[in-house]
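Here are a few exercises to work through with the model open beside you. Try each task before reading its solution.

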Amino acid sequence: MKKSYKRLFQVMAISLLGTMSYGQFYIIGEGLQPMDVSLDGTVVGSQGGKNQWLWSPSQPTVNMGGITTGSLIGNVVISDNGSRIAGYMNNPQNNLNEMASYDKNTATWTYHGGLGQSQDGLNSSTWGVSADGSTLVGYGILSNTVTRAIKWTTENGIENLGSLFPEKSTRANGISADKSVVVGFQDLASGQRAATYWKNGVQTVINNAQGAATLGEANRVSGDGKVIVDIDGIYPFVYTEESGYQSITHELSSNFYRGGAADVTADGKKVVGFFRNFPGSPYGGDGFIWSQTGGLVNLNTYVSSFGIDLGNYTLALPLAISGDGTKIVGVARTPDFKTYGFMVDLTTYLATGNTSAKSDI
């Protein structure tokens, strides 16, 4: 009975949250963490490490269900075309949390299994989805100490993407629209984590400008599989096979002020991410948007340059940008350090060129 009351409270907590709109700037709700956004502005995310939800400007927040054992591990994601929503749910048939897809029409989940092993109630988890929704990526449990990057499709089910070191773990975080490139991390023989990618099934560890393994992980990849982004210790990075590794630097970059790249547009031209004090709250920093031509721009400055009023909100932790670059979602904070899920919709401005922005990002 105690669990039933707790579950009821979680459902009410989401259903009672009101959306506030400031033109093209939307505050979705307090304590919500948007994780992904489709081209039409449907946003998906989590609340409190338990509940998963979806929202759009024309639809109130919908609770897609909560984890009954443990906490959310992985991402809640939506394809660019909105055809697939996926996350991490408890499968009632085996009582294991695993990679799963959500059907908006029936409000039900379909479970996708794993690699045949489990640990601490976990079977597999979702971290990324292809633009057309046909392919999910994440990781599955291989043994008590090792995970493997996996790929799921309707046709082939779960596929093990492997590891360069059999006794070390891997995870897949994202996949290109053409599905030729999967990105994620590889634990090295030293135990350190390095960014890696699988191109047409062949795995490569990304090296930094000094020729050493990029210590961190690769988070997202452009639609054509050419531009890979995420974090390397202190710096966000951009990598292509043609140009190699490039750090995104901030004037305050140091061991105690670090950044990460969260997402990249389909054409590879825009990157969103954050810089913040380290150690410290993930919501205590500032978001950014970056391009080769425009460089690094504070996200509040960028959005405000379109004439959009952000009020007293700081766009602290952007977590996704739509494939066409028109929508950005993440977590904003207020001066009293309350956190809110947000979406910025720049469709009108980027489509018409009606902007006073001083950058060509």
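**Exercise 1. Is Ala107 buried, partly exposed or exposed, and what is its phi?**

Step 1: Ala107 is partly exposed, with a relative accessible area of 48%; the scale runs from buried (under 20%) through partly exposed to exposed (over 50%), with a 1.4 Å probe and protein chains only.
Step 2: Its phi is positive, about 55°, although Ala107 is not a glycine.
Step 3: Look for Ala107 in the loop between strand 9 (96-103) and strand 10 (108-111). Strands (E, at least two residues) and helices (H or I, at least four) are DSSP runs numbered from the N terminus.

A word on the ground rules: this is a predicted model, in which local features need pLDDT of at least 70 and side-chain atom pairs count only at pLDDT 80 or more, while totals for chains, interfaces and linings use all residues. Residues are numbered from 1 along each chain as its sequence is written, and side-chain values use heavy atoms, leaving out hydrogens and water.

**Exercise 2. Describe the backbone at Lys179 and at Pro279.**

Step 1: Lys179 has a positive phi near 65°, and lies in the loop between strand 15 (170-175) and strand 16 (181-187).
Step 2: With a relative accessible area of 30%, Lys179 is partly exposed.
Step 3: From Phe278 to Pro279 the peptide bond is cis, with omega near -5°. Pro279 belongs to the loop between strand 24 (271-277) and strand 25 (286-291).

**Exercise 3. Which strand does strand 2 join, and how many bridges are there?**

Step 1: Strand 2 runs antiparallel to strand 29 (residues 339-345), joined by five bridges; DSSP must find at least two for strands to pair.
Step 2: Phe25 stands opposite Val344 in strand 29.
Step 3: Five of the six residues in strand 2 (residues 25-30) are buried.

**Exercise 4. Which residues touch the most other members of the largest nonpolar core?**

Step 1: A nonpolar core is a set of buried Ala, Val, Leu, Ile, Met, Phe, Trp, Tyr and Cys residues joined through side-chain atoms within 4.5 Å.
Step 2: Among the 21 residues of the largest one, the answer is Phe25, Ile308, Leu315 and Phe342.
Step 3: Elements supplying at least two residues each to this core include strand 2, helix 2 (299-304) and strand 29.
Step 4: A second, separate core of 18 residues includes Met35, Ala100, Tyr102 and Ile141.

**Exercise 5. What is the average pLDDT, and where is it below 50?**

Step 1: The average pLDDT (the predictor's confidence in each residue, from 0 to 100) is 91.
Step 2: Values fall below 50 over residues 1-17 and over residues 353-361.
Step 3: Where pLDDT is low, predicted coordinates should not be read in detail.

Key: Contact means heavy atoms within 4.5 Å.
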